[in-house]
Amino acid sequence: MKRTLALGGVAAGLLASAAIAAPAHADEVPAVNLANTNFAAQQVAAFWYGQAKANLISATPYAVETTVPTKHVSTGGVSADDKAGVVGSSGDQKAATGTLKNVNLPKTTGKVFFIGADDKPHWCSATAVQGQYKNLVATAGHCVYDTKSNATTLDKWVFIPGYYEGKTPWGIYVGKTAYTHYDYSVYEDGDRDFAFVTVYNGVLPTEVRGTGHGFYGIYEDYFKAAKVKKAIEAKKETGWSDLSIEPFVDLKSPTGKGKLGDRRNFGSQWVQVDQATIGKSVADSELGDKAPEAFPAGTGVKVDPSNKAEFDAAFAAAPAGKKGNSTETDAWAWSKDLKTLYLKRGETYTKRTFFVNYDVDYKLVGKKLSIGLKDVGTLGSNVGGQGLAYNQKIGTGIFEFGYPSGSHPDGNYAFSGKTLKWAYGKTFKAAAPSMKAEELVGIKSSFTGEGSIGSAWLYRYSNTKRLGYLNGVTIAVSDTDGNKRIDTNVSPYFDGETLAVYKTAAANWSGKIV
């Protein structure tokens, strides 16, 4: 299912000379902020670098829309919408063949890390793409847009080229803005399951002190705190991470609401207090059943049974001046913390604890940056960038580069997801109805599982320059012959509308975060 696409704003001028037919309906390329302030981007980088990179190391392949039924399409299916063309890479090259036995792997390929709908760290494959500002990454759309929980985008999104078991050789590149096709953003059309993401300059840590909690604000009730928390998370502008709401007792605000032991009064809490808070010394005349009279608002007193041994121990340990005998038979003593009064009348032993009902407020807290970062330059300056190919004929030879992981349906684990792998195949028309995708292209590939999602399909890959033209991204894998072995990977067909999305993304600058 495809609709026509046009560009609005700056992108329209940039594409005036591009060979794209004018559509009947003009829709802007959807753009969504991932981390649109420097501080927010710093917090994202700190999240992945902090705690000895625990979140990177514990991340697992993203398990959303991976192994799906696909089929070859003999009639109909995908078709070019204009003439075939390419956008240059960081080093244009001649065509390569698929007969190479040893392939030099591209520096541009790596992993994107993010927090999934399950609030856990995950990753997909991705690649750097050449652009005006050398700041562009391409991957599968559902490795950027959250199709699981229907949130707009996945959180704390970063690209790490050359990632290997916690190592970030060229730094971490925090995503700034994500761009996709209108049909994918609105309809989750699998035929447009791709995304281009602009990233900030890369950063490496200069010192790692871990991430500590910082104070954000105090609110009178839980619902106000929750509303602010939701707004911060939605805007992604403040850079605060791991926000949580913590109740605390405002010891400056006693309240007369409720009764001692009343659990219905959620806006306040009874707190055991000491002699100073009670505001009156207990005299001999007050050692009977009557509680002291000069209590603050909302004070309650609780009398518990006691015994002689407990009283004698408390009397012996009581601070000087905080105990005494009124008669031969009556005595009293405060505990060391002055919060419990022990009483003796004849042979009756009791202890009294005093309470004040205080107002309960709510703190909004979160993690703040405490990691030193240094700028390492643009993504393209460090690893280069693949070009872009569009409207290429079916049957074109493609090199696929990614981090496949997981098992075949028969349980065989062919790939670990730890190292970059490659495959070669020629494109054919394909469809995956479960993903609303009727106009895909496929290649024969044994890449398995979640880690291969987002893998780069490179046309005319040069083994010498390690560069080619991006002509697809893996969005799903499939066992098409039913032998319980993955044999096919599929991608959206890159056409003139893909070029339009790419051009819009490539025209936007990101800049530094430190």
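The structure is a predicted model, in which local features require pLDDT of at least 70 and side-chain atom pairs count only at pLDDT 80 or more, while totals for chains, interfaces and linings use all residues. Residues are numbered from 1 along each chain as its sequence is written, and side-chain values use heavy atoms, with hydrogens and water left out.

The secondary structure of the chain comprises eight helices and 31 strands; helices (H or I, at least four residues) and strands (E, at least two) are DSSP runs, numbered from the N terminus. Of the 514 residues in the chain, 52% are buried. The term buried denotes a relative accessible area under 20%, exposed one over 50%, and partly exposed a value in between, with a 1.4 Å probe and protein chains only. Among contacts with a separation of 6 or more, 74% involve residues 24 or more positions apart, a contact being defined by heavy atoms within 4.5 Å.

An open sheet is formed by five strands in the order E3-E26-E27-E31-E30, with antiparallel pairing. Two strands are taken to pair if DSSP finds at least two bridges between them. Strand E3 (71–72) and strand E30 (476–478) stand at the edges with a single partner strand each, so one side of each lacks a neighbour in the sheet. Within this sheet, strand E26 (residues 428–432) is joined to E27 by four bridges, and the two run antiparallel. Phe428 has Gly442 of E27 as its bridge partner.

Strand E21 (residues 387–390) has pairings with E4 and E29. Strand E4 (residues 85–87) runs antiparallel to E21 and is joined to it by three bridges; Val86 is partnered there by Ala389. Strand E29 (residues 467–473) runs parallel to E21, with two bridges between them, and Gly387 stands opposite Tyr469 of E29. In a regular strand the side chains alternate between the two faces of the sheet. In E21, Gly387 and Ala389 point one way and Leu388 and Tyr390 the other, and all are buried.

Not counting residues up to four places away in sequence, Phe196 touches residues including Leu136, Val137, Leu388, Leu470 and Tyr502.

One disulfide is counted, under the criterion of a pair of cysteine sulfur atoms within 2.5 Å. The disulfide joins Cys124 and Cys143, whose sulfur atoms are 2.1 Å apart, and the link is left-handed, with -75° about the S-S bond. Cys124 lies in strand E6 (residues 121–129) and Cys143 in the loop between strand E7 (136–140) and strand E8 (155–161), so the pair ties together parts that are 19 residues apart in sequence. Both cysteines, Cys124 and Cys143, are buried.

Thr299, in the loop between helix H5 (275–278) and strand E15 (300–305), is buried, with a relative accessible area of 18%. Beyond its neighbours within four places in sequence, Thr299 is in contact with Trp270, Phe355 and Val356. Ser452, in the loop between strand E27 (437–444) and strand E28 (456–462), counts as buried at 0% relative accessibility. Leaving aside neighbours within four places in sequence, the contacts of Ser452 include Ser125, Tyr403, Phe447 and Thr474. Val514, in the segment after helix H8 (496–506), is partly exposed, with a relative accessible area of 39%. The C-alpha atoms of Val514 and Asn201 are 8.8 Å apart, although 313 residues separate the two in sequence.
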